[in-house]
Amino acid sequence: MVNPLDNIYPAHTAGSFFMWKEFIQNTKRNPILVLAPMADMTDSPYCRIVKKIGGVDVVFHEMVSSEAIVRNSEKTLRMINFHEDERPIVQQIFGADPGVMANAVRSIINKTHPDGIDINMGCPVPKITGTESGSSLMKDPALAYEIVRAVKEVIGDIPLSVKTRLGWDNPDAFHTFLPMLEEAGADLVTLHGRTKSQGYSGEADWNRIAEAKKILHIPLIANGDVSSPEMVKEILAITKADGVMIGRGALGNPWFFLQAKMILENKKAEVSLEEKIPVILEHLQLHLERYGQKGIVTFRKHLGWYFKTNRLEEEIPGIKEFRSRLVRVENVDELEKLLQEIKNAVK
Ligand SMILES: Cc1cc2nc3c(=O)[nH]c(=O)nc-3n(C[C@H](O)[C@H](O)[C@H](O)COP(=O)(O)O)c2cc1C
């Protein structure tokens, strides 16, 4: 894979010396960059690509259902599998039953030994909130407390984190909810600066994340609307958080983290289309290795993100037409030819 930014961040790309647990325990740490858990997107192949490019300190795998884990659902057990290259990796889990959550966490740890476990207390999707999981737990702090306690009892010395929002509909609910999570035994919290009721509308409130940082004794990761690498510096300055989690900004943009780290060092980092294409093809290979040849269909969503207009640093004549062909590709050959055509269009 061509990496135009090789050797600029050898310390961060090396990965092996950096452990999630050490970060949580070390109070004199540098802020870290985290890949957000995103259902159907931050699977093992994508996390491997992000890690390979570098700049990211820890990746969160997409959420899995605790009920499905304890049922030994084959599909869910495949989802928790990861490659050693991805470490440090945190597996996120959702559920509403403290006993089931504890059993599921025990099972995940025995099977894959992730570096951390994260409990989802922020997902606003009705399929999740309808089962009292995800952001619904913000409406039931007593149950949220019990869940953290139950998981803490079985997790051993693996860090336990919680990802949540400002509140269900009250943007100041975090003032009591977060200290409760800390008291229950959470080792770290990620805060998305929106309420559940907001969904993804409006703007993430970084000032409230700054308030949250002041009231917590455990590390806090700031999340929400960091849509360009330049914004990492800004959110860190405003929130004084211990790290930044990036979601949508990193879709179709595994270069995000390395660019952000370079910008923090006042260096400029641009990646040309020519440099991106081998990475896209390597991502496809990893995707097909995991999902088989039919994986080309699920890879189309990544192609859609890679070629989103605001992801491209150069103008591609005819991009609209190219995009509509990209999201219909049927096989590797066709994609390789299409990428070559796109490359030629830029020259
Ligand atoms: C497609 C997609 C899937 C997501 N899946 C999850 C998930 O599995 N667990 C979770 O805690 N948050 C999930 N989120 C929320 C993100 O982790 C993140 O909190 C949110 O997108 C705000 O950050 P951003 O503005 O950097 O995207 C998802 C978001 C998107 C866009």
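Me: In this predicted model, where is the place of P88?
Reply: Look between a helix and a strand. The helix is helix 5, residues 74-80. The strand is strand 3, which spans residues 89-94. P88 sits in the loop between helix 5 and strand 3.

Me: Which residue does a cis peptide bond join to P88, and what is omega?
Reply: Most peptide bonds are trans. The bond into P88 is cis, and its partner is R87. Omega there is about -5°.

Me: Where is N72 found, and what is its phi near?
Reply: N72 is in the loop between helix 4 (66-70) and helix 5. Most residues other than glycine have a negative phi. N72 is not glycine, yet its phi is positive. The value is near 60°.

Me: In what order do the eight strands close into a barrel, and is the pairing parallel or antiparallel?
Reply: Strands of a sheet pair through backbone hydrogen bonds, in one sense or the other. Here eight strands close into a barrel in the order 1-2-3-4-5-6-7-8. Neighbouring strands are turned by 30° against each other on average, direction ignored. The pairing is parallel.

Me: Over how many bridges do strand 2 and strand 3 pair?
Reply: Strand 2 covers residues 58-65, and strand 3 covers residues 89-94. S65 stands opposite F94 in strand 3. The two strands pair in the parallel sense, over five bridges.

Me: At about what angle does helix 3 run to strand 2?
Reply: Helix 3 is made of residues 44-53. It lies across strand 1 (32-35) and strand 2. Its angle to strand 2 is about 170°.

Me: Which strands does helix 11 lie across, and what is its angle to strand 8?
Reply: Helix 11 holds residues 231-239. It lies across strand 1, strand 7 (220-223) and strand 8 (243-246). Against strand 8 it runs at about 135°.

Me: How many residues surround the ligand, and how do they divide into nonpolar, polar and charged?
Reply: The closest are Q92, K163, N223, D225 and R248. The shell has 16 residues. They split into seven nonpolar, six polar and three charged.

Me: How far is an N or O atom in the side chain of N223 from an oxygen atom of the ligand, and what share of the ligand's area does the protein cover?
Reply: A backbone N or O atom of A39 lies 2.8 Å from a ligand nitrogen. A polar side-chain atom of N120 lies 3.3 Å from a ligand oxygen. For the N223 side chain, the distance to a ligand oxygen is 2.6 Å. Of the 610 Å² of accessible area that the ligand has on its own, the protein covers 87%.

Key:
Residues numbered from 1 in each chain as written. Predicted model: local features only at pLDDT ≥ 70, side-chain atom pairs only at ≥ 80, totals over all residues. Heavy atoms only, no water. Near = heavy atom within 4 Å. Polar contact = N/O pair within 3.5 Å; in protein donor to acceptor, adjacent residues only side chain to side chain. Areas by Shrake-Rupley, 256 points an atom, 1.4 Å probe, with all protein chains shown as cover. Nonpolar A, V, L, I, M, F, W, Y, C, P; charged D, E, K, R; others polar. Pairing = 2+ DSSP bridges. Helix = DSSP H or I, 4+ residues; strand = E, 2+ residues; numbered from the N terminus. Axes fitted to C-alpha atoms, helices over the stretch in contact; angles between N-to-C directions. Contact = heavy atoms within 4.5 Å.
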